[in-house]
Amino acid sequence: MRQRDDMTFPMEEYTRRLNELRTRMQERLLDAVIITDPENLMYLTDYQTTGYSFFQALVVPLEDEPFMITRNMEESNVIARTWVELTRPFPDGGDAIQMLVSSLKEFGLSHKTLGYERNSYFFPAYQQDSLRTSLTDARLQDCFGIVECGRRTKSSFEIEIMRKAAIATEAGMKAGLDACRAGVTENEIAAEISAAMFRAGGEAPAVMPYVTSGPRTMIGHATWEGRVVQPGEHVFLEVGGCYRRYHTAMMRTAVLGEPTEYMMQAQERMKNALKQVKALIRPGVTVSDADNLVRSIMTVDDKHGKLITRSGYSIGIAFPPSWDEGYILSLMHGDKTVLREGMTFHIIPWAWGVDGDKTCGISDTIYITKDGCESFFTLDQDFVIKPEEGKKALPPSPPLEIMVPQNVTPIASKEGKVKDKKSRSTGKKEREAV
């Protein structure tokens, strides 16, 4: 390992992560592991790039020095960002898997027991098939989750980085709520959120903010599409701030007019669910305990809105296409996983279908302490209600302009409709020909 002091975390943190990984490898009788998941590469080495659609892998032997396989261009990220000393890059026209195979042979691992992440997004089946057919003397075993076991709980260093992500999240959400007005577009709200996040020190998130208004709030995972927000409507916002690839997220709701009775009841149920589950969560409680509590509070009937998803998920390191670590751990019924100090969750007791046609949301990102849990945020949870916006009279949309070719002179027909001489005369000749 190259010793350096300019990475996201101190060297001691990466040494701990690597040692813990090797302990799990030893328990599973693995001589080496091939790590391809972008989040896991970041976790172990501080390596990151937006070019992860190209094959990349960190090979960690049980005892010897780890090495990386990357595209030629991405080797610069290994050198600039990580502690990794050994790299074997491949050219754009080269075969990444053959470079991996030849490197495994070079370092004496081609006949060993090797773990690989079979469920990694970026290690597709055809590449796995190529590895298996090329590495006939090795014993290949699925080790998916072997790094994620360490990522489930965050160290004090990681919690501090997530606090910085939370600053960006709150700044973006405040700007978004301020920007919610009748007559603005969803795009304009999203622009304010994004600008505020980045000005607050936030970096490019795994997913840009979710901004929907009125009936569009009922579309799952929709975001801005240029729609003009109308007086009396509500706006649903979900913002994920990012710092050094670590994320925190929150949902909030703005009402541009007067909220309905069911909306106010939904607000109180969501706030109560968050209050009750945060009072419950501590080391020793199970995932299912937390989910059951949230679900029991949020389940009423269709008009009140209902929770149609998991009630929360682990959150931390993320690259597109998602900011969550739900594949590591989600708050769902029946999961007996025991919560531990250092786990971080986005708790989402959101209400889908309030009044039958609205989605409202309030959420929180928390971290588990030795005897309870704490929020990363200080922002008020209540709906932002702007009664004056419901009274606005928006100007009618401008009529569509009819674009007339420059070489055509428009004339009016008897019915007053616009026609042109060229098309009329052409049509006349066509009828005469018939």
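**View 1. Packing of helices α1 and α2 in the predicted model****.** Helix α1 covers residues 11-27 and helix α2 residues 38-45; helices are DSSP runs of H or I, at least four residues, numbered from the N terminus. The two pack at an angle of about 120 degrees, their axes 7 Å apart. Axes are lines fitted to C-alpha atoms over the stretch in contact, with angles from 0 to 180 degrees between N-to-C directions. The pair is therefore oblique, the class left after under 35 degrees (roughly parallel), over 145 (roughly antiparallel) and 65 to 115 (roughly perpendicular).

**View 2. Residues at the α1 contact with α2****.** Tyr-14, Arg-16, Arg-17 and Leu-21 of α1 meet Met-42, Tyr-43, Leu-44 and Thr-45 of α2 (contact: heavy atoms within 4.5 Å). By class, five residues are nonpolar, one is polar and two are charged. Nonpolar here means Ala, Val, Leu, Ile, Met, Phe, Trp, Tyr, Cys or Pro; charged means Asp, Glu, Lys or Arg; the others, Gly among them, are polar.

View 3. The disulfide count is zero, with sulfur atoms within 2.5 Å as the criterion. Cys-143 is buried at 1% relative accessible area, and Cys-360 is buried at 0% (buried: under 20%, 1.4 Å probe, protein chains only).

**Notes.** Residues are numbered from 1 along each chain as its sequence is written. In this predicted model, local features need pLDDT of at least 70, side-chain atom pairs count only at pLDDT 80 or more, totals for chains, interfaces and linings use all residues, and side-chain values use heavy atoms, without hydrogens and water.

Key. Buried means under 20% relative accessible area, exposed over 50%, partly exposed in between (1.4 Å probe, protein chains only).
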